[in-house]
Amino acid sequence: MNRRMRSLHRSMGAAIALFVLILSITGILLNHSSDLKLDKHYLTWPWLLSHYGVGDVKADAIFLLEPFVISQFGTEIFVNAKPVTNAQRPLLGGVVLDEVIVLATDDALILLNSEGEFIERMSAAAGVPPMIQNIGLFHGAPVIQTREGMWRSDFMLDKWELISLQGVGWSLPSPMPESTKKQLVKYFHGEGVTVEHVLLDVHNGRILGPIGVWLLDLVGILLTILSLTGIWMWLRRFR
Amino acid sequence: MNRTHNAFWQLMFISLLFCSFTVTVFARGVNQTNEDFIAETFSNDLPKSKVVWIKDDLRPAIANILGHEYAGLRIRYWQKAQRTAWILEEIGKESPITFGVVVTDGKIEQVKVLAYRESRGGEIQQRAFTRQYADAKLSEQKLDRHIDGISGATLSVRAMTSVVTLALYLTQFINQTE
């Protein structure tokens, strides 16, 4: 009986040794988290950010309007990685005029200046034809395609003439440049994941998701049995 | 006994239906498009829109009224004789609320919620509430009257009061500079 107990004790000890080491080291580090400034140090490993679901951003619309990257996330419009205004409708495209960047949704034109600052939103009340489908340029003049037809204006955008043109350069969506994507990831998700956060998740098993929590439960049970078998064997020595 | 029981549950059901209806009345969405508001205000005889650029002393004055910087470089308005219509947006708690404001002879003629996007506080769309602003004037960059708040709609009421004050201030500004 004693030999069998000793064998069980050894096997369990070997099985959970690695976990005990991890728990001890992470526990000690977490105990001194403030002193070691673990909450101030960020990890930005791509696989880790991806694991935490903070490594990527997905824009609803992206348009490259030199020198800016214009994107839409929900109802927010971004110039590069800076939110400048909101748009309740999906962004359809944009063009660059001399001193103005014009973005189009189906019910309005959103005007930005050459520095990417929001000027104003022009809707049908300001004379912009409704039900816009796309925006483009024809020899430097803004052109919009609506359900009713094609309209051309000048840089003032307050007078539109119904026209039929060939060879309009329509605005097309683009993929997000990597440099802007990195800035947007930083905007939405911050600097990364703190060392303290990762250590805490390793310590409580949540780094592996729900399985990790169950695994730690199992380690806890095995540690309890290990303690009990240890005490039992120690007491046996005095008999 | 059974009949009383049935009557009770029928009454409860009707009350629930009524409650859900009243919630729907003040729900989110577009009440009126900007162009319909302008067309209605000027009886389809639309004046050409103009813009006021937010620069120099006007920017800090607007920031003082709104309690934050105005997120735009110019504001569009429509003016005919003594009537000026403004379409202004202001965030209540999280989402922008679109207001239509008509100023006549330096007083508020009408204020309307054109689009309400907040999840709570939709009671400000009620005419019984917006009537409080009728004939309101500016007094030292503030409204000349107290506006009764609505429980649970504090931020939306604040947004409407700021926008009404802004419309009066901007009308005064454009009339002085023209």
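# Paired strands and a spread-out chain

Biologist: Which residue takes a positive phi in the hairpin of S5(B) and S6(B)?

Modeller: Asp105(B) does, with phi near 50°, and the hairpin has two residues between its strands. This is a predicted model: local features need pLDDT of at least 70, side-chain atom pairs count only at pLDDT 80 or more, and totals for chains, interfaces and linings use all residues. Residues are numbered from 1 along each chain as its sequence is written, with chains lettered from A and ligands numbered from 1 in the order in which they are written.

Biologist: What makes S5(B) and S6(B) a pair?

Modeller: Pairing asks for at least two DSSP bridges between two strands, and these antiparallel strands have seven. Thr104(B) is bridged to Lys107(B), for instance. Nine bridges also join S5(B) to S4(B), again antiparallel.

Biologist: Why is S5(B) called largely enclosed?

Modeller: A residue is buried if 20 or more other C-beta atoms, placed from the backbone, lie within 10 Å of its own. Eight of the nine residues of S5(B) are buried, so the rest of the structure largely encloses this strand.

Biologist: How many helices and strands does chain A have, and why is it called more spread out than a compact globule?

Modeller: Chain A has five helices (DSSP H or I, at least four residues) and 15 strands (E, at least two). Its radius of gyration is 31 Å, well over the 18 Å from the globule rule for 239 residues, so chain A is more spread out than a compact globule. That radius is taken over C-alpha atoms, and the rule is 2.2 Å times the number of residues to the power 0.38.

Note on methods: Buried ≥ 20, exposed ≤ 12 C-beta atoms within 10 Å, placed from the backbone.
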